[in-house]
Amino acid sequence: MRKIQILDHVILLLGVFFMVTPVALAFMTSTHDAITIYKEGIQFLPGDKFLENYETVLFRAGGFTKEVDGFVMLMNSMILGFGFAIGKIIISMIAAYAIVYFRFPMATFCFWIIFATLLLPLEVRILPSYEIVQSLGLVNTYTGLIVPLIASATGTFFFRQFFMSVPDELLEAARIDGAGPWKFFKDILVPLSQTMIAAIFIIMFVYGWNQYLWPTLITTEESLFTLVRGIKQIMQVWVGAQIPALNEAMALAILAIVPPVLIVVIFQSWFVKGLVESDK
């Protein structure tokens with residue numbers, strides 16, 4: 001038994017090693033100057049440019065226009081991540097509530113039509129989505145960046161499963177007390193769904209934060225660039241004697257990792273509890 005436990009821990013530690021090593025190397029490399037990285041490649045030990053590099057990517061205006069810094073891109077990523085997650089939760093909860101509690105014909109069929117949209121990822125519908133956003137004049141706006149992405153079959157599925165686990169007696173008691181559909185949803189279902197909301201929020205925030213293709217297509221102004229987009233932008237700008245700012249790109253990549261990791265760590269227990277409750 002003890003040998004099996006030791007083997008399990010060895011496998012887990014190896015997994016942690018393979019997951020953490022690229023991040024650790026990126027951090028070590030981000031503390032060196034661009035010339036050292038250009039000459040010697042990835043660095044395995046910390047350098048002496050930590051404060052300088054991170055201050056540069058956060059607060060020094062750069063890019064082609066020389067008007068945008070990393071802090072602006074960080075705020076854009078925050079707006080995209082939170083707007084994406086909150087919008088998906090609201091739409092998913094309303095859709096799931098309608099499917100479960102409103103007895104209309106073909107409700108189950110409508111749910112499976114929504115679920116089937118998982119077979120149509122963003123890459124498949126990106127051109128018609130762009131045409132609609134452009135025709136509405138929403139290019140280079142936060143609305144155009146967030147709204148076309150917030151419909152979520154995944155969130156609808158999880159909330160549907162959770163709502164179906166709520167006892168029917170609770171609905172009957174609410175009706176007897178005179179609670180209408182909106183009051184039942186707002187005062188009963190939403191508080192009961194807190195752990196599920198937290199779980200879906202984490203998934204959607206990380207997914208929205210890491211979006212690259214849609215922000216690249218829908219934003220052409222640097223003032224709306226996200227951190228993920230900014231990494232590519234840094235690699236397109238050359239400094240000095242044709243030396244790419246690899247140190248700044250690595251520093252920006254580390255900054256792009258921190259917020260999603262913090263969200264996952266802070267809400268980890270809620271995340272696990274919410275996913276477990278969806279299976280009841």
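The exercises below go through a predicted model step by step.

Residue numbers start from 1 along each chain as its sequence is written. Local features need pLDDT of at least 70 and side-chain atom pairs count only at pLDDT 80 or more, while totals for chains, interfaces and linings use all residues; side-chain values use heavy atoms, leaving out hydrogens and water.

**Exercise 1. Overall make-up**

Task: State how many helices and strands the protein has, and what share of its residues is buried.

Solution: 
- Step 1. The protein has 15 helices and two strands. Helices (H or I, at least four residues) and strands (E, at least two) are DSSP runs, numbered from the N terminus.
- Step 2. Of the 280 residues, 39% are buried. Buried means under 20% relative accessible area, exposed over 50%, and partly exposed in between (1.4 Å probe, protein chains only).
- Step 3. The C-alpha trace spans about 75 × 65 × 30 Å along its principal axes.

**Exercise 2. Salt bridges**

Task: Find which residues are linked in a network of salt bridges, and describe the pair formed by Lys 49.

Solution: 
- Step 1. Side chains of opposite charge can pair when their charged atoms come close. A salt bridge is a side-chain nitrogen of Lys or Arg within 4 Å of a carboxyl oxygen of Asp or Glu. The structure holds four of them.
- Step 2. Between Lys 183 and Asp 187, the closest N and O atoms are 2.8 Å apart. These two residues are separated by about one helical turn, because they stand four residues apart in helix 10 (residues 181–192).
- Step 3. Asp 187 also meets Lys 186 in a salt bridge, at 2.9 Å from N to O. The network therefore links Lys 183, Lys 186 and Asp 187.
- Step 4. Relative accessibility is 46% for Lys 183, 40% for Lys 186 and 37% for Asp 187.
- Step 5. Lys 49 is joined to Glu 52 by a salt bridge of 3.6 Å, N to O. Lys 49 is partly exposed at 22%, and Glu 52 is partly exposed at 47%.

**Exercise 3. The largest pocket**

Task: Give the volume of the largest pocket and say which helix gives the most to its lining.

Solution: 
- Step 1. On a 1 Å grid over the protein atoms alone, a pocket is an open set of points where a 1.4 Å probe fits, with protein on both sides within 12 Å along at least five of seven lines; lining residues have an atom within 4 Å of a point.
- Step 2. The volume is about 500 Å³, taken as the space filled by probe spheres set on the points, with grid points joined across faces, edges and corners.
- Step 3. The lining has 24 residues, and Lys 88, Arg 125, Ala 151, Ser 152 and Ala 153 lie nearest the centre.
- Step 4. Helix 4 gives the most, with four residues. Helices that each supply at least two residues include helix 4 (70–101), helix 8 (153–165) and helix 11 (194–209).
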